[in-house]
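The sequence and structure are shown below.

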Amino acid sequence: AWMNEPPPVPPFGGNIGEDEPVNVRADKLRFTMELEFVQCLASPQYLNYLAQSRYFQEEAFIHYLSYLQYWKRPEYAPYIVFPHSLYFLDLLQQEPFRREIANPNYMEYVHKLQFFHWQFYRQNRLNQDQTSSSSSSSSSTEGSPALASSSSTTTAALNGQPL
């Protein structure tokens with residue numbers, strides 16, 4: 001029944017100390033282990049490994065992935081260093097993605113989309129900010145339309161659009 005509720009959020013400086021009660025140490029350890037696992041999900045190569053190792057065919061593992069959705073809650077999300085892990089956690093709730101990520105070609109495709117998102121995200125945001133500020137003052141747009149178009153497609157693919 002421990003998987004019904006997530007572990008409590010530890011206070012800052014939440015190192016595991018031997019002088020703490022056993023239940024507090026267990027909660028902190030569980031918090032840390034689940035955080036590390038969720039962040040591993042940011043790696044398409046790791047997702048491919050899990051798929052090829054048939055973890056995604058085990059009902060208990062699928063339930064565990066569903067349980068881990070609590071990391072999207074506001075009190076837990078600040079601990080996530082790799083936000084793509086939450087995006088992939090969402091995708092893993094879908095059986096077609098779990099099936100396709102086992103394919104090395106699809107894994108490589110997802111990895112490339114992730115790379116392009118990282119490569120162009122900042123520039124897209126700057127272009128978007130420029131466009132919104134210049135469209136309110138004039139009708140001209142700045143920046144490279146071709147670059148903005150291709151990188152926007154990549155960004156959209158990793159920000160909620162189906163792969």
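A residue is called buried when its relative accessible area is under 20%, exposed when that value is over 50%, and partly exposed in between. The model is a predicted one. By this criterion, seven of the eight residues of helix α4 (residues 84–91) are buried, so the helix is largely enclosed by the rest of the structure. The buried residues are His84, Ser85, Leu86, Tyr87, Phe88, Leu89 and Leu91.

**Helix packing**

Helix α1 (residues 22–40) and helix α3 (residues 59–67) have axes that come within 12 Å and cross at roughly 100°. The two helices are therefore roughly perpendicular. On the α1 side the contact involves Arg30, Glu34 and Phe37, which meet Phe61, Tyr64, Leu65 and Tyr67 of α3.

Leaving aside residues up to four places away in sequence, Asn48 touches Ile101, Ala102, Asn103, Pro104 and Met107.

**Salt bridges**

Three salt bridges are found in a search of the whole structure.

| Salt bridge | Closest N and O atoms |
|---|---|
| Glu34 and Arg30 | 3.2 Å |
| Lys72 and Asp90 | 2.7 Å |
| Glu95 and Arg99 | 2.6 Å |

Lys72 and Asp90 link distant parts of the chain: Lys72 belongs to the loop between α3 and α4, Asp90 to helix α4, and 18 residues separate them. Lys72 is partly exposed, with a relative accessible area of 39%.

The pair Glu34 and Arg30 lies within helix α1, the two residues being four apart, about one turn of the helix. Both residues are buried. Glu95 and Arg99 are likewise four residues apart, about one turn, in helix α5 (residues 95–100). An α-helix has 3.6 residues a turn, so residues three or four places apart point the same way. Glu95 is partly exposed at a relative accessible area of 40%, and Arg99 is partly exposed at 47%.

**Surface patch**

Phe115, Phe116 and Trp118 form a nonpolar patch on the surface, and together they have about 330 Å² of accessible area. Phe115 is located in helix α6 (residues 104–137). With a relative accessible area of 44%, Phe115 is partly exposed.

Methods. Residues numbered from 1 in each chain as written. Predicted model: local features only at pLDDT ≥ 70, side-chain atom pairs only at ≥ 80, totals over all residues. Heavy atoms only, no water. Patch = residues over 30% accessible without salt bridge, like charges linked within 9 Å, V, L, I, M, F, W, Y side chains within 5 Å. Areas by Shrake-Rupley, 256 points an atom, 1.4 Å probe, with all protein chains shown as cover. Salt bridge = Lys/Arg side-chain N within 4 Å of Asp/Glu carboxyl O. Buried < 20%, exposed > 50% of the residue type's maximum accessible area, 1.4 Å probe, protein only. Axes fitted to C-alpha atoms, helices over the stretch in contact; angles between N-to-C directions. Parallel < 35°, antiparallel > 145°, perpendicular 65-115°, else oblique. Contact = heavy atoms within 4.5 Å.
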